[in-house]
Amino acid sequence: MDTIRNRRSIRKYTAQPIPQELVTRLLEAAMSAPSAGNEQPWEFIVITDREVLQAITKVHPYSQMLKEAPLAVLVCGNLEREKYPGFWIEDCSAATENILLEAENIGLGGVWLGVYPHDERVKGIAELLGLPSSVVPLSLVALGYPAEKKPPAERFDPSRVHTNRW
């Protein structure tokens with residue numbers, strides 16, 4: 001629970017590069033996510049190139065933190081791997097959350113940047129990164145060593161809990 005509660009959206013990063021072994025841990029966490037029928041429809045693009053990170057900020061209006069972030073991971077759904085149409089969204093969302101939780105666990109900060117279902121973001125990022133037509137970008141996770149600290153969020157609201165029916 002500490003990792004879950006302490007995870008916050010971090011948008012400011014130091015310039016310290018992230019070692020490959022930590023990138024691998026993030027991807028292992030992502031691929032440990034549950035998926036419908038165990039289809040694992042995800043694909044990931046690890047982005048460290050400063051020019052590419054900068055170019056994304058021109059396509060995605062809420063990605064300005066990529067100007068500082070040393071790393072971003074694009075989480076995509078591969079529609080050719082679908083056993084159950086449409087569930088790639090849930091599957092890739094679970095993978096995205098696992099990246100964020102593992103980032104917190106290993107001392108990194110991250111923020112989830114939604115790409116899908118905004119057509120202009122999907123198309124812009126797909127063109128920029130050369131995605132095949134069967135691969136749809138769902139989310140982009142900006143990552144780095146935090147240059148800001150946020151207190152744990154207390155979001156539990158019992159008024160949103162219903163038992164047996166509304």
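A: One place to begin is Gly130, which follows H5 and has a positive phi, near 65°. This is a predicted model, in which local features need pLDDT of at least 70 and side-chain atom pairs count only at pLDDT 80 or more, while totals for chains, interfaces and linings use all residues. Residues are numbered from 1 along each chain as its sequence is written, and side-chain values use heavy atoms, with hydrogens and water left out.

Q: What makes His60 count as buried or exposed, and which residues does His60 touch?

A: His60, in the loop between H3 and S2, has a relative accessible area of 1%; buried means under 20% (exposed is over 50%, partly exposed in between, with a 1.4 Å probe and protein chains only), so His60 is buried. Leaving aside residues up to four places away in sequence, His60 touches Leu113, Gly114, Val115, Arg121 and Ile125, where contact means heavy atoms within 4.5 Å.

Q: How do you know whether H3 and H5 are roughly parallel or roughly antiparallel?

A: The axes of H3 (residues 50-59) and H5 (residues 119-129) cross at roughly 155° and come within 9 Å. Angles under 35 degrees count as roughly parallel, over 145 as roughly antiparallel, 65 to 115 as roughly perpendicular and the rest as oblique, and H3 and H5 are therefore roughly antiparallel to each other. On the H3 side the contact is made by Val52, Ala55, Ile56 and Val59, and on the H5 side by Glu120, Arg121, Gly124, Ile125, Leu128 and Leu129.

Q: Which residues of H5 are buried, and what do they pack against?

A: Arg121, Val122, Gly124, Ile125 and Ala126 of H5 are buried, and the buried residues of H5 pack against H3, S2, S3 and S4.

Q: Why are S1 and S3 said to stand at the edges of the sheet?

A: The open sheet has four strands in the order S1-S2-S4-S3, with antiparallel pairing. S1 (42-47) and S3 (109-114) each have a single partner strand, so one side of each is left without a neighbour in the sheet.

Q: What makes S1 and S2 a pair?

A: Two strands pair if DSSP finds at least two bridges between them; six bridges join S1 to S2 (residues 71-78), and the two strands run antiparallel.

Technical notes:
Axes fitted to C-alpha atoms, helices over the stretch in contact; angles between N-to-C directions.
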